[in-house]
Amino acid sequence: VFYGDSLSVNVETHTRISASRAREILAAVPEVEIIDDPAADIWPHPVDAAGQDKVLIGRIREDASLEHGLNLWVVVDNIRKGAALNAVQIARQLADQIT
């Protein structure tokens, strides 16, 4: 992969969140695109993220090993969505909360 980072993310929450609810919540985030069709085995690949700033998330599953767990597959273009862009986006969110 020339550009792209892939992450297998395990999340543990205080209360149970279904995979379908997690999809809804994540889909509402402007910087996120959900690519997740379990029936058709469709999920994001690093090449899908190349050239864009969005975070692509798929393979959203409830984790059977944790009572309140979720598993996610996340891919990004590591050149465009690196530490610098993340820092700017976090600063913008903080500024919005302060004002």
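Among contacts in the chain between residues at least 6 apart in sequence, what percentage join residues at least 24 apart? The figure is 59%. The model described here is predicted, and every value in this report is computed from it.

**Overall architecture**

The chain has 99 residues, of which 28% are buried. Its secondary structure consists of three helices and four strands, arranged from the N terminus as β-α-β-α-β-β-α. Taken along the principal axes, the C-alpha atoms fill a box of roughly 35 × 35 × 20 Å.

**The sheet**

The four strands form an open sheet in the order β1-β4-β3-β2, with mixed pairing. Strands β1 and β2 are the edges, each pairing on one side only. On average, neighbouring strands of this sheet are turned by 30° against each other, direction ignored.

| Strands | Sense and bridges | Bridge partners |
|---|---|---|
| β1 (residues 5-12) and β4 | antiparallel, eight bridges | D5 and V76 |
| β3 (residues 55-63) and β4 | antiparallel, six bridges | E62 and L70 |
| β2 and β3 | parallel, three bridges | I34 and I57 |

Strand β4, which spans residues 69-76, is mostly covered, with six of its eight residues buried. This strand is joined to β1 by eight bridges and to β3 by six. With β3, it also forms a hairpin that has five residues between the two strands. The parallel pairing belongs to β2 and β3 and extends over three bridges.

Helix α1 covers residues 19-27, and A19, A22 and L26 are buried in it. Seen down the axis of α1, these buried residues fall within an arc of 55°, so they line one face of the helix. In general, an α-helix has 3.6 residues a turn, so residues three or four places apart point the same way.

What do the buried residues of α1 pack against? They pack against β2 (32-34), β3 and β4. The helix lies across these three strands and runs at about 160° to β3.

Most residues other than glycine have a negative phi. R59, found in strand β3, has instead a positive phi, near 50°.

Is D41 buried or exposed? D41 is exposed, since its relative accessible area is 55% and the exposed class begins over 50%.

**Aromatic residues and the N-terminal segment**

How many aromatic pairs does a search of the whole structure find? The search returns zero.

Y3 belongs to the segment before β1. At 35% relative accessibility, Y3 counts as partly exposed. Not counting residues up to four places away in sequence, Y3 touches P46, D77, N78 and I79. The C-alpha atoms of Y3 and E67 are separated by 35 Å, and the two residues are 64 apart along the chain.

**Summary**

The predicted model thus shows an open sheet of four strands in the order β1-β4-β3-β2. Helix α1 lies across β2, β3 and β4, with its buried residues packed against those strands. Strand β4 is mostly covered, while the edge positions of the sheet are held by β1 and β2.

Definitions and conventions
Residues numbered from 1 in each chain as written. Predicted model: local features only at pLDDT ≥ 70, side-chain atom pairs only at ≥ 80, totals over all residues. Heavy atoms only, no water. Buried < 20%, exposed > 50% of the residue type's maximum accessible area, 1.4 Å probe, protein only. Pairing = 2+ DSSP bridges. Phe/Tyr/Trp six-rings, centres within 6.5 Å; stacked < 30°, edge-to-face > 60°. Arc of directions from axis to C-beta. Contact = heavy atoms within 4.5 Å. Axes fitted to C-alpha atoms, helices over the stretch in contact; angles between N-to-C directions.
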